[in-house]
Amino acid sequence: DSAKTRNLYLAIIISNYYAFCFGIAIGWMNPAEFQLLKKLKATKDQEELICCLLPIGVATCCLPMGALMKYCGCKLLLYVQVLPYICAWMLFIFADSVYMLYVGRFLHGVCGAAVCQAVPIYLNEICQWKYRGAVGATYYGAILYGIIYSHVMMEHIRFQIVHVLNVVLSIPFAFVWIIPDSPFYYVSAHQLDKARSALIWLRGPNYNVDDELEIMALLVSNHMDVLQDWWLTFKESVQLTIVLRSAVLMVFHQLSGAVAIMLMDDMMREAAGPRYVTYLWFMSFSMALGHWICVLLVDRIGRRPLLVTSTLMLCACCVYFCCWFHVPVGANSSFFTKFMINVFVLAFTIGMGPLPCLLNVELILPNFRPYGCAVANALSVLSISIALFWAYFPNLKCVVFDGAIVVILLALLFVLVFLPETKNMSPMDIQRRIDTRWDVTSSDES
């Protein structure tokens, strides 16, 4: 029987909708800073602080969200972010000072911490292994399309109306009650009947779920009881070397392209003038094209080939941008520079954009994920906060691409040496690939 059912698609769409709305919050900064911040007469320092408060909110709330997910599952975590999401946009609608924006951006960070924890883990745990790459890559795509939506709407509609529409977009959050929680969560909570019902709902009534349930029971060790003290669970669950790999990969994910893309967008806005909207459409097309290439190929050729291709293309683009910055040739409006920006965006969304988010979940065992992924997410978001402060200094903008070359080369080395291929592999096989001494029975007290 095919595991592709309508219910599985519904669960993927509903969970990714939360990521799409978080993408809208991420994309708010660049188009809004020329409208709302100008209206509030925000200083340059205040603009930079507003820009950095979202990642700071994500970083500070990742571990608490991980603890909450360990106790209560992914669905509750998605419910938790609804109220901060609505409050944040309401603050923007009625904003009459930058302090309201401070609070709103931090609340968006709280939402982001919940989404970054719940959605990629949920997507990984509801689908079969052979579809795990494509399904997991949709999470990054949902965030990406939210960013594109935010930019396009801000360019064509008054920002007050956009903020009202963003509040209205919270209505579909109610549909999350339709979908079950992760089967792994039910197994870890010793609710095997609910786990079986969730798998039947996701796979279809004619699908034999016994084999999957048996593997889940093996992966979820008895002494990792969901009701244990969270700090004791944290100390016992986090396998340092595996979480360290995930954290390093997520830091490379943030520093290899995200800061550079934001910087290039700012530069092209200044250089293109009225033609910026046309440039925005081309850049959005490159993002979407790269993401769909990743979705279509990740389960066919694997994660490592896409990551290697992505890093090599990113490195070549960064070499060009370094020359462009250091050699004053007035290339701001040149066709080739715009072309290289689109190639850079395409290269990032082929591999280094979506795949670290996918591998951050795949590399860590299911019962370790709430805290392990939280640590990796928090470190990666802290790195982007530091990089944003650095990138906004006018004299250091040219160094962004110099640093990106170093980061990308280190990422390439890391992928080749430390990162196993996870295509079509079970969680047990992935752990054995990382450490040949690993045994699924080694975590059982018996």
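Guide: The sulfur of Cys87 lies 8.9 Å from the closest cysteine sulfur, that of Cys111, which is too far for a bond. A disulfide is a covalent bond between the sulfur atoms of two cysteines. The cut-off applied here is a pair of cysteine sulfur atoms within 2.5 Å, and a search of the whole structure finds zero disulfides. This is a predicted model, and the distance is computed from its atoms. Cys294, by contrast, is buried, because its relative accessibility is 0%.

Now the helices around that cysteine pair. Two packed helices are described by the angle between their axes and the distance between the axes. Helix α6 covers residues 82-93 and helix α7 covers residues 98-126; they pack at an angle of about 155 degrees, with their axes 8 Å apart. Angles over 145 degrees count as roughly antiparallel, and α6 and α7 are therefore roughly antiparallel to each other. The crossing of α6 past α7 is left-handed. On the α6 side, the contact is made by Pro84, Tyr85, Cys87, Ala88, Trp89, Leu91 and Phe92. On the α7 side, the residues include Cys111, along with Met100, Leu101, Val103, Gly104, Arg105, Leu107, His108 and Val110. Cys87 and Cys111 thus both belong to the contact of α6 with α7, although their sulfurs are too far from each other for a bond. By class, the residues of this contact divide into 13 nonpolar, two polar and one charged.

Further along, helix α7 also holds Glu125. Is this residue buried or exposed? Glu125 counts as buried, because its relative accessibility is 6%. Leaving aside neighbours within four places in sequence, Glu125 is in contact with Ser182, Pro183, Phe184, Pro366 and Arg369.

Helix α1 (residues 6-27) and helix α8 (residues 132-156) have axes that come within 6 Å and cross at roughly 40 degrees. The two are therefore oblique to each other, and α1 passes α8 in a right-handed crossing. Among the residues making this contact are Ile12, Asn16, Phe20 and Gly23 of α1, and Thr138, Tyr139, Ala142 and Gly146 of α8. The residues of the contact of α1 with α8 divide into 13 nonpolar, seven polar and no charged.

Two loop residues deserve a look at the backbone. His190, in the loop between α10 (183-188) and α11 (192-203), has a positive phi of about 65 degrees although it is not a glycine. His190 is partly exposed, with a relative accessible area of 49%. Asn424 sits in the loop between α20 (397-418) and α21 (427-434). There, the phi of Asn424 is positive, at about 55 degrees, although this residue is not a glycine. With 42% relative accessibility, Asn424 counts as partly exposed.

Last, the chain as a whole. Its secondary structure comes to 21 helices and zero strands. Of its 446 residues, 61% count as buried. Among contacts with a separation of 6 or more, 82% are between residues 24 or more positions apart.

How values were computed:
Residues are numbered from 1 along each chain as its sequence is written. This is a predicted model: local features need pLDDT of at least 70, side-chain atom pairs count only at pLDDT 80 or more; totals for chains, interfaces and linings use all residues. Side-chain values use heavy atoms; hydrogens and water are left out. Axes are lines fitted to C-alpha atoms, for helices over the stretch in contact, and angles run from 0 to 180 degrees between N-to-C directions. Helices (H or I, at least four residues) and strands (E, at least two) are DSSP runs, numbered from the N terminus. Angles under 35 degrees count as roughly parallel, over 145 as roughly antiparallel, 65 to 115 as roughly perpendicular and the rest as oblique. A crossing is left-handed if the near helix is turned anticlockwise from the far one by less than a right angle, and right-handed if clockwise. Contact means heavy atoms within 4.5 Å. Ala, Val, Leu, Ile, Met, Phe, Trp, Tyr, Cys and Pro count as nonpolar, Asp, Glu, Lys and Arg as charged, and the others, Gly among them, as polar. Buried means under 20% relative accessible area, exposed over 50%, partly exposed in between (1.4 Å probe, protein chains only).
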